Amino acid sequence: MVAAENMRALIALMLAIVALAVGCTRERKVDVASSLNPARMPSMSTTNVNTLISDSGVIQYKIVSPLWEMFNEADTPYWRFPQGLYLQKYDPYFQVIATVAADSAKYFTNQRLWKLEGHVEMTKVPKDLFLSERIFWDQRKAQIYSDTFIHIENATHVLEGTGFVSNERLTQYRILNPEGIFPVEKN
């Protein structure tokens, strides 16, 4: 008799556990898709990027970045390099002729416009150095420019000022608001 009562209690306990388990497993439908905005999410995200870019089989650039995100669904599609960007430009013989390093960068794909920010450093062979906080590179206009402080060094002089415009080869440039001390010979 005690065994039968224990058996009934055990069956009742098991039925209670099953009923509780069934009651706790109700499906809740969560509409995650409607809360996502494709324009604000990267279409592609790549880490530890080290890639070469060529044109007609000739390597033109090397891009190195810890993180490369593409936002193809944004109103203005762009690529983002939030953790920095390092770029090398090559001549047809695969010799480095220029480098660009920035703390962060964006490339607006439709406009073909680069926006480099943070500590931006550009070098050009043989020993030209350009430093700024923000530099734009408009590939359509073949122009590089800045609206912030610029520091330029080469073998013969140091130039500084605010605002800068140049061709993309950095061979013809001017500082819009020059500053500094310029030595002048007395005649």
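**Exercise 1.** Which residues of the largest nonpolar core touch the most other members?

Solution. The model is a predicted one. Its largest nonpolar core has 26 residues, and within this core Phe 81 and Leu 116 touch the most other members. Next, find the strands behind this core: β2 (58-71), β3 (78-81), β4 (85-90), β5 (96-102), β6 (104-108), β7 (113-124), β8 (128-138) and β9 (143-153) each give it at least two residues. Finally, look for a separate core: a second one, of six residues, includes Phe 71, Tyr 78, Leu 113 and Phe 136.

**Exercise 2.** List the contacts of Leu 116, leaving aside neighbours within four places in sequence.

Solution. The partners of Leu 116 include Leu 85, Val 100 and Ala 102. Ser 104 and Ala 105 are also in contact with Leu 116. Glu 133, Arg 134 and Ile 135 complete the list.

**Exercise 3.** Decide whether Ser 104 counts as buried, partly exposed or exposed.

Solution. Start with its place: Ser 104 is part of strand β6. Buried requires under 20% relative accessible area, and exposed requires over 50%. Ser 104 has 21% relative accessibility, so Ser 104 counts as partly exposed. With neighbours within four places in sequence set aside, Ser 104 contacts Phe 81, Pro 82, Gly 84, Lys 115, Leu 116 and Glu 117.

Note on methods:
Residues numbered from 1 in each chain as written. Predicted model: local features only at pLDDT ≥ 70, side-chain atom pairs only at ≥ 80, totals over all residues. Heavy atoms only, no water. Core = buried A, V, L, I, M, F, W, Y, C linked by side-chain atoms within 4.5 Å. Buried < 20%, exposed > 50% of the residue type's maximum accessible area, 1.4 Å probe, protein only. Helix = DSSP H or I, 4+ residues; strand = E, 2+ residues; numbered from the N terminus. Contact = heavy atoms within 4.5 Å.
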